[in-house]
Amino acid sequence: MTRRLILLGWAAMAMGLAGFTHAAAPVPLLPLPAQLRVDAGHFTVDAHTPIVLADDAASTRRTGAWLVDLVARTRGLHLPLKHGAATAHAIVLRLDPAAPVTNREGYALDVTPEGMRISARDAAGLFYGAVTAWQLLTPDAQHGAVQVPAVSVRDQPRFAWRGLMLDSARHFQTVDEIERLLEQMAQHKLNTFHWHLTDDQGWRIEIKRYPELTRIGAWRTPPDAGHDGEPQRYGGFYTQDDIRRVVAYAAARHITIVPEIDMPGHAQAAVAAYPRLGVTGRQPGVSTDWGVNPWLYNVDDDTFTFIDNVLDEVMALFPSTYIHVGGDEAIKDQWQASPAVQAKMHALGITSEDALQGWFIDRVGQYLDKHGRKLIGWDEILEGDNLPADATVMSWRGT
């Protein structure tokens, strides 16, 4: 059994740090580097201090431009960007196969009175070194130079999955708002954005094959619509062009987006758009309340065709290895009351609704596996008997 467990949905897969030690933080760095030494002296950074790109990689150019822009916006310090060999009295960025770190996200940063040198073996590591350089420039530079303490940093992450989850189904955020969040993630060296895109209260991703998902499923009528500032309807969705923009913005900051498409529960918005996907044949409205709602997908072949088609478009938009399928809080009342579902269970030799959910998730997992992706879900996916052996579990209820 090779299932992976992610506690609380965002921290797991600890990485070895042999030979790295922590020191008390005399400089404002977050997170604390694996190894930090403070030396005597400081390096003065002012408007004449260049950021020098010491290799020709496109990723180094992007990182240098990002650092120039960030320092200008947040520190009021406009540093020139140059290409060429490392020079004195400069901030130098360089991809170096001999950099004294081995992890792809690791970097070395050295500050002396003569300058700052950042090196890494991989683009991700060089980017995180640039983040640390920006943090070292924390003192207000609006009215002059910054005195950067002389330090030696050798750093690599303790965790491979450093994530943040955003629920855009219950509350809709604009693309600009999401990009601001991604920028803040980058500034804290987080690398995984778990994007909750569908739920009972809204379907937020355009699926071209099923336009009703967003025409109907992306909107709900608030209980006090039209009164006390409540809109007549609430919602919105991301077009596929919006998704591509956000994915590219995240990738430029070495952030992977893991989309979540909930199933078999939290499906009310989808069933509101296409009642045939549900169990009862009735058409609910998109949910306006919270808690655990009873609407599930049914388990017939037409529904799995729908799910496969949705996943095809999702996978075309998101290059992430993992696709999140939810799996949480799927109360089984509708399945228990449905003669068609009970007949399906009998035909499959399945004796409980929990086992039927396991069969459902396994079928989706097999489809993802055929397309080179991996299934990830909340810990309720453990309750069935057929969970894929390589599924990854986010344990929101504990171990």
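**Figure 1. Helices and strands of the predicted protein chain.** The chain holds 10 helices and 19 strands; helices (H or I, at least four residues) and strands (E, at least two) are DSSP runs, numbered from the N terminus. This is a predicted model, in which local features need pLDDT of at least 70 and side-chain atom pairs count only at pLDDT 80 or more, while totals for chains, interfaces and linings use all residues. Residues are numbered from 1 along each chain as its sequence is written, and side-chain values use heavy atoms, with hydrogens and water left out. The C-alpha trace spans about 80 × 55 × 35 Å along its principal axes. Of the 399 residues, 53% are buried, where buried means under 20% relative accessible area, exposed over 50% and partly exposed in between (1.4 Å probe, protein chains only). Among contacts (heavy atoms within 4.5 Å) with a separation of 6 or more, 74% are between residues 24 or more positions apart.

**Figure 2. The open sheet of 7 strands.** The strand order is β3-β9-β7-β8-β6-β4-β5, with mixed pairing; two strands pair if DSSP finds at least two bridges between them. β3 (35-45) and β5 (81-83) are the edge strands, and each has a single partner, so one side of each lacks a neighbour in the sheet. From one strand to the next the twist averages 25 degrees, with axes taken as lines fitted to C-alpha atoms, for helices over the stretch in contact, and angles running from 0 to 180 degrees between N-to-C directions. β4 (residues 51-53) pairs with β5 in the parallel sense over 3 bridges, and I51 stands opposite L81 in β5.

**Figure 3. Strand β17 and its partners β16 and β18.** In β17 (residues 322-326), 5 of 5 residues are buried. Y322, H324 and G326 cover one side, and I323 and V325 the other. β17 pairs with β16 in the parallel sense over 2 bridges, with M263 opposite G326. Strand β18 (residues 374-378) runs parallel to β17 and is joined to β17 by 3 bridges; here Y322 stands opposite K374.

**Figure 4. The largest pocket.** Its volume is about 480 Å³. On a 1 Å grid over the protein atoms alone, a pocket is an open set of points with protein on both sides within 12 Å along at least five of seven lines, a cavity is a set where a 1.4 Å probe fits but cannot get out, and lining residues have an atom within 4 Å of a point. Grid points are joined across faces, edges and corners, and a volume is the space filled by probe spheres set on the points. Of the 22 lining residues, R104, A160, N191, T192 and T256 lie nearest the pocket centre. α2 (123-136), β10 (159-167), α5 (240-251) and β16 (256-263) each supply at least two lining residues, and β16 gives the most, with 3. The lining has 13 nonpolar, 7 polar and 2 charged residues (Ala, Val, Leu, Ile, Met, Phe, Trp, Tyr, Cys and Pro count as nonpolar, Asp, Glu, Lys and Arg as charged, and the others, Gly among them, as polar).

**Figure 5. The largest cavity.** The whole structure has 1 cavity of 30 Å³ or more, and the largest cavity has a volume of about 40 Å³. Its lining consists of W203, I261, M263, Y297, F306, I307, V310 and L311. By class these are 8 nonpolar residues, with no polar and no charged ones. α7 (301-317) and β16 each supply at least two, and the largest share, 4 residues, comes from α7.
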